[in-house]
Amino acid sequence: MDVPGSLTAQLYLLAYDPRKERVVTNYRLPYLLRAAALTDLLLAGRIADDGGKVRVVSEARLADPVLDGLLRQIAGSGPRPWRHWIGKDGRATVRAVRDELETGRWVRVELRQPFLIFNRSHVRVRDTRVVKRLTTQVAAALTGPVSRVGDREAALVGLAAAGELGTVLPRARRRAHKQRIALLSERGGPAAPALRKVIQQVRAASSG
């Protein structure tokens with residue numbers, strides 16, 4: 001069973017809740033997917049960290065609409081902090097990732113009330129074995145030998161934890177594996193810690 005190659009697509013699928021039989025979206029998901037896209041670009045050698053700012057290393061396209069779109073944004077703007085890019089255009093990124101997965105037939109988008117002007121949609125995963133495989137990868141990264149965890153798997157865990165993705169890493173599990181998560185997060189680059197700060201700021205602003 002294959003899985004999508006990008007971290008953005010993988011984390012979107014990991015937001016699937018089997019009990020509700022749909023992808024669960026909340027205020028953290030847009031920030032999580034933006035951080036994932038930045039990490040994808042970092043691991044692909046397209047961007048780098050330059051004193052806490054994102055700098056373009058190569059503008060070579062990756063044949064991924066979401067990642068290539070973000071790369072163009074960064075190239076056209078110049079170096080900015082990681083938190084800037086995580087907080088920018090998040091909703092559009094969620095839609096773009098969903099549409100890409102729908103085109104690839106990974107998910108199916110269902111309108112709940114198609115005849116109303118303000119309708120809502122549910123996103124269902126076509127083959128839940130994909131989600132199970134990704135969940136197994138996360139579990140292996142948390143409990144298996146660290147030496148066998150690749151950089152992408154490490155980044156996946158770090159981002160899921162920083163984004164508080166409860167469908168795969170609920171709070172109790174994050175606490176139980178706190179040290180391992182911290183170790184893996186270091187290998188994923190600056191996006192995960194920046195994501196954590198963005199979510200903390202948003203939460204503080206809403207509670208205040």
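Analyst: **Helix H7 and its surroundings**

Helix H2 (residues 29-43) packs on H7 at an angle of about 160°, and their axes are 10 Å apart; helices here are DSSP runs (H or I, at least four residues) numbered from the N terminus, and axes are lines fitted to C-alpha atoms over the stretch in contact, with angles from 0 to 180 degrees between N-to-C directions. H2 is therefore roughly antiparallel to H7, a term for angles over 145 degrees, while 65 to 115 counts as roughly perpendicular. The crossing of H2 and H7 is right-handed, that is, the near helix is turned clockwise from the far one by less than a right angle.

The model is predicted, with pLDDT of at least 70 needed for local features and 80 or more for side-chain atom pairs, whereas totals for chains, interfaces and linings use all residues. Residues are numbered from 1 along each chain as its sequence is written, and side-chain values use heavy atoms, without hydrogens and water.

On the H2 side, Leu32, Ala35, Ala36, Thr39, Asp40 and Leu43 meet Asp151, Arg152, Ala155, Leu159 and Ala160 of H7, where contact means heavy atoms within 4.5 Å. This contact of H2 with H7 divides into seven nonpolar, one polar and three charged residues; Ala, Val, Leu, Ile, Met, Phe, Trp, Tyr, Cys and Pro count as nonpolar, Asp, Glu, Lys and Arg as charged, and the others, Gly among them, as polar.

Helix H6 (residues 129-143) has an axis that comes within 10 Å of that of H7, crossing at roughly 95°, so H6 is roughly perpendicular to H7. Gln137, Val138, Ala141 and Leu142 in H6 meet Glu153, Leu156 and Val157 in H7, a contact of five nonpolar, one polar and one charged residues.

The second largest pocket holds about 410 Å³ of space. A pocket is an open set of points on a 1 Å grid over the protein atoms alone, with protein on both sides within 12 Å along at least five of seven lines, and lining residues have an atom within 4 Å of a point; points are joined across faces, edges and corners, and the volume is the space filled by probe spheres set on them. Of its 16 lining residues, Ala161, Ala162, Arg174, Ile181 and Arg196 are the closest to the centre. Helices H7 (151-162), H8 (171-176), H9 (178-187) and H10 (191-207) each give two or more residues to this lining, which comprises six nonpolar, two polar and eight charged residues.

Terms used:
On a 1 Å grid over the protein atoms alone, a cavity is a set of points where a 1.4 Å probe fits but cannot get out, and a pocket is an open set with protein on both sides within 12 Å along at least five of seven lines; lining residues have an atom within 4 Å of a point. Angles under 35 degrees count as roughly parallel, over 145 as roughly antiparallel, 65 to 115 as roughly perpendicular and the rest as oblique.
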